[in-house]
Every structure is written in structure tokens, then in C-alpha cells.
Amino acid sequence: MAGAVNEDGTPTAHPVVTVTGPRTLHETNEAPTLPEPGRAIVDITYTGVCGTDVHGYTDGHMLPPAVFGHEWTGRVSAVGDGVSGLEVGQRVVGGVGPACGRCSQCVAGHARQCDTAFAEANGVDPDAPEHGAFAGQVHVSARRLIPVPDEVTDIEAALVEPATVTFHAVRRVAATPGAIVVIQGAGPIGLLTAQNARNAGAGHVIVSEPSSARRDMATDLGFTDVVNPSDLKARVEATTDGRGADVLYECTGVAALLQPSAELVRRGGTLALLGFPLDTSTVSYADWQVRELAVIGSLAYNHDDFVATIQLIAEKRIDVAPLHTGTVGLSELGDLLEELDSGRSSHTKVLVDPHA
Ligand SMILES: [Zn+2]
Ligand SMILES: [Zn+2]
């Protein structure tokens with residue numbers, strides 16, 4: 001285990017990679033620090049690379065620094081004053097803290113929409129780390145750290161954050177058991193949403209994905225109705241006697257797909273939005289109104305979503321390990337982000353090992 005402390009007891013320096021402009025990464029060696037009260041230092045084991053990181057890299061200015069590298073797991077190497085329930089050496093993942101009880105939303109009784117936890121999810125809380133976890137260490141609020149049980153491997157732990165995003169969305173939709181569900185896009189978010197929808201009692205799941213490698217992964221995860229997008233409309237009509245799906249989870253973020261997605265949902269059904277579009281969409285408001293669609297937006301998660309998702313992974317109810325298709329070191333991150341941005345990568349989820 002990489003420690004935060006040298007043999008003489010002084011903390012070690014560690015590498016940090018940040019975005020300094022469009023398609024520009026900068027690697028520094030960060031001076032050692034000790035944790036402030038209420039905070040902890042975590043030695044990073046793995047950090048997953050996601051589409052948000054790719055957008056932040058190509059744009060150069062869009063992401064708060066803490067969000068570039070937000071899917072991470074590691075070991076606690078030091079805790080500050082006033083931190084309880086965390087041991088040095090303990091494996092953790094980075095999440096969001098419980099509802100704070102003090103913000104405007106909490107005081108008004110809307111604890112699930114706590115402003116503090118929402119700011120933590122978006123890397124803009126007052127205690128947000130100065131950089132993300134494409135680094136040897138992060139210095140974070142202890143309340144955001146969620147313990148990892150022994151049954152969960154480090155690679156599985158690195159996939160907890162995206163799995164939690166999808167658990168949160170499926171919980172928000174709260175479809176009735178037996179629902180006919182479409183998963184649009186079988187990247188990491190789609191593949192994890194499909195598994196959570198199955199756990200939530202979906203009667204039938206149709207997965208739509210243009211990449212044959214990703215369709216194969218969906219099949220390997222036990223999904224039997226996996227189609228190319230060109231066949232999706234006919235498949236939904238045949239499965240539902242022409243009504244449309246009970247729920248469609250939009251997991252691509254392709255703005256132009258929003259209205260066609262809505263048209264695959266039955267009258268009175270639910271369109272759930274997970275993919276994050278960077279462009280505006282043109283939709284038929286009248287169509288959505290007349291057909292009484294329910295639209296569920298979903299971003300990030302609550303603290304208890306992490307606790308539940310880790311439990312589901314520990315009990316093998318969500319299989320995250322097959323999504324891991326490669327591991328790179330920090331020096332290879334730039335090339336990897338270019339590959340992922342090209343749209344020609346066959347990767348599903350790549351992890352960065354800052355000690356590689
Ligand atoms: Zn992510
Ligand atoms: Zn709050």
C-alpha cells in the first residue's frame with residue numbers, strides 16, 4: 001500500500017494531473033499536506049474515466065477541478081481532528097455526505113435534495129478538493145467517504161460511483177414490477193441501469209446499442225433482447241402490441257434522440273433522462289402533453305444510494321467487473337482521453353492507476 005507518510009514520519013508528495021486548457025493536461029507533484037479538521041486524506045487505488053472527464057478535457061474550462069476524476073476508490077491514509085468512524089488503512093469510495101440538516105432544502109423538509117450533498121456531487125462545496133482523483137491522493141470531507149466491505153474488490157469499488165448514478169435513477173423512476181423497459185445506449189451507464197432495472201422487477205428489458213462489442217457485453221450480463229438502434233422501434237412495437245415501453249432510460253446524452261426516445265414510450269409511460277446532452281433539443285411539447293408522459297430527470301445521487309449500491313455489488317446483484325476493459329497510468333491519460341473522444345474506442349470503462 002502506498003502510504004501518505006515517509007519512513008521519517010513526514011507526509012509524501014504525490015502526482016496530480018489537471019486540465020489547464022482545451023485538450024491540455026498538466027502533471028505536477030503536489031506538496032505533502034495533513035488533513036484539516038473533519039477531513040481525510042485518501043491514497044487513490046483506482047479512478048474511473050467517464051464521459052464527463054472527456055468533455056472536461058476537450059472543453060478545457062467546463063468542469064470544477066474536483067470533478068475531473070470523480071469515480072475513485074482508495075485507502076484512508078490520515079484523518080483530521082473530529083473525524084469518527086474512519087480508520088487509517090480503511091478502503092473507501094468517494095461519494096456525497098448525508099443530508100446536512102442546515103441548508104435551505106433541508107430546513108424546508110426536502111432532505112433528499114440537500115444543497116450541501118448536491119454541491120458535493122458537483123465538486124462545488126466549500127470543502128471540495130482542489131483537484132480530482134487523477135492523482136496519488138485526495139484531501140476530502142470525511143462525511144463523503146463510504147467504507148468498502150471485504151467482499152468488494154478494488155476494481156469493483158472503482159465502479160461504485162457510476163453504478164450509484166444508475167441506482168439513483170431507477171429508484172427515482174420507481175416503475176411497477178413487470179414494467180417493459182428500454183435501455184437506450186449500452187455504455188457503462190446503460191449497462192448498469194439495465195441491471196438495476198432488472199433488480200427493480202422489470203418484466204422485460206430491451207437494450208439498444210450501435211456497438212456490437214457493447215451489445216455482446218449486454219448479452220454476457222444476461223440480457224436476451226439486445227438490438228441495434230435501427231431495429232429498436234419495431235422491437236418495442238412488437239413487444240408491447242404497439243403501445244410503447246412503460247419506461248425508457250435515455251443513457252446516450254445525444255440531444256437529437258430526445259423526441260424519438262419519447263415516441264417509444266407508451267401513453268402514460270415514463271421517459272427517464274440519464275445521458276447528459278451538451279446541446280439543446282427540439283421536442284414536441286404537445287406530444288408529451290397529449291400522451292401524458294412522465295419525465296424523470298436524474299443527476300448524481302444521495303448518500304444512501306452509495307450504501308445500497310455497494311451492498312448490491314457485494315451480494316453480486318450488480319455485476320460491475322465485466323465493464324472494466326483496461327487500466328492505464330497517469331502518463332497515459334491524455335492519449336486515453338483522445339481515444340475516448342474519437343468515438344472509435346472499443347473500451348467500456350478504463351481505470352487509472354496512479355501508481356502504475
Ligand atoms: Zn462519471
Ligand atoms: Zn442540506
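Modeller: A salt bridge is a side-chain nitrogen of Lys or Arg within 4 Å of a carboxyl oxygen of Asp or Glu. The model is a predicted one, in which local features need pLDDT of at least 70 and side-chain atom pairs count only at pLDDT 80 or more, while totals for chains, interfaces and linings use all residues. Residues are numbered from 1 along each chain as its sequence is written, chains are lettered from A and ligands numbered from 1 in the order in which they are written, and side-chain values use heavy atoms, with hydrogens and water left out.

Biologist: What makes the meeting of Arg143 and Glu120 a salt bridge?

Modeller: The N to O distance between their side chains is 2.7 Å, and the cut-off is 4 Å. This pair links distant parts of the chain, 23 residues apart: Arg143 is in the loop between strand 6 (137–141) and strand 7 (145–147), and Glu120 is in helix 3 (residues 115–121). Helices (H or I, at least four residues) and strands (E, at least two) are DSSP runs, numbered from the N terminus.

Biologist: Why is Glu120 called buried?

Modeller: Buried means under 20% relative accessible area, exposed over 50%, and partly exposed in between, with a 1.4 Å probe and protein chains only. Glu120 has a relative accessible area of 5%, so it is buried. Arg143, at 30%, therefore counts as partly exposed.

Biologist: How do you know that Lys233 and Glu237 are separated by about one helical turn?

Modeller: They are 4 residues apart in helix 8 (residues 232–239), which means a separation of about one helical turn. An α-helix has 3.6 residues a turn, so residues three or four places apart point the same way. Lys233 and Glu237 form a salt bridge, with their closest N and O atoms 3.1 Å apart. Lys233 has 52% relative accessibility, so it counts as exposed, whereas Glu237, at 40%, is partly exposed.

Biologist: Which protein donors does the zinc ion (ligand 1) have?

Modeller: They are Cys50 (SG), His70 (NE2) and Glu71 (OE), at 2.1 to 2.3 Å. Cys50 and Glu71 are both buried.

Biologist: How do you know that Gln184 is buried rather than exposed?

Modeller: Its relative accessible area is 7%, so Gln184 is buried. Gln184 is found in strand 8 (residues 180–184).

Biologist: What makes the approach of the Gln184 and Glu250 side chains a polar contact?

Modeller: A polar contact is a pair of N or O atoms within 3.5 Å; within protein, one must be able to donate a hydrogen and the other to accept it, and residues adjacent in sequence count only if both atoms are side-chain atoms. The contact between Gln184 and Glu250 is 3.0 Å, and a polar contact of 2.8 Å joins the side chains of Gln184 and Ser261.

Conventions
Donors are N, O and S atoms within 2.8 Å of the metal (3.2 Å for Na, K and Ca); water is not among the atoms, so sites may look incomplete.
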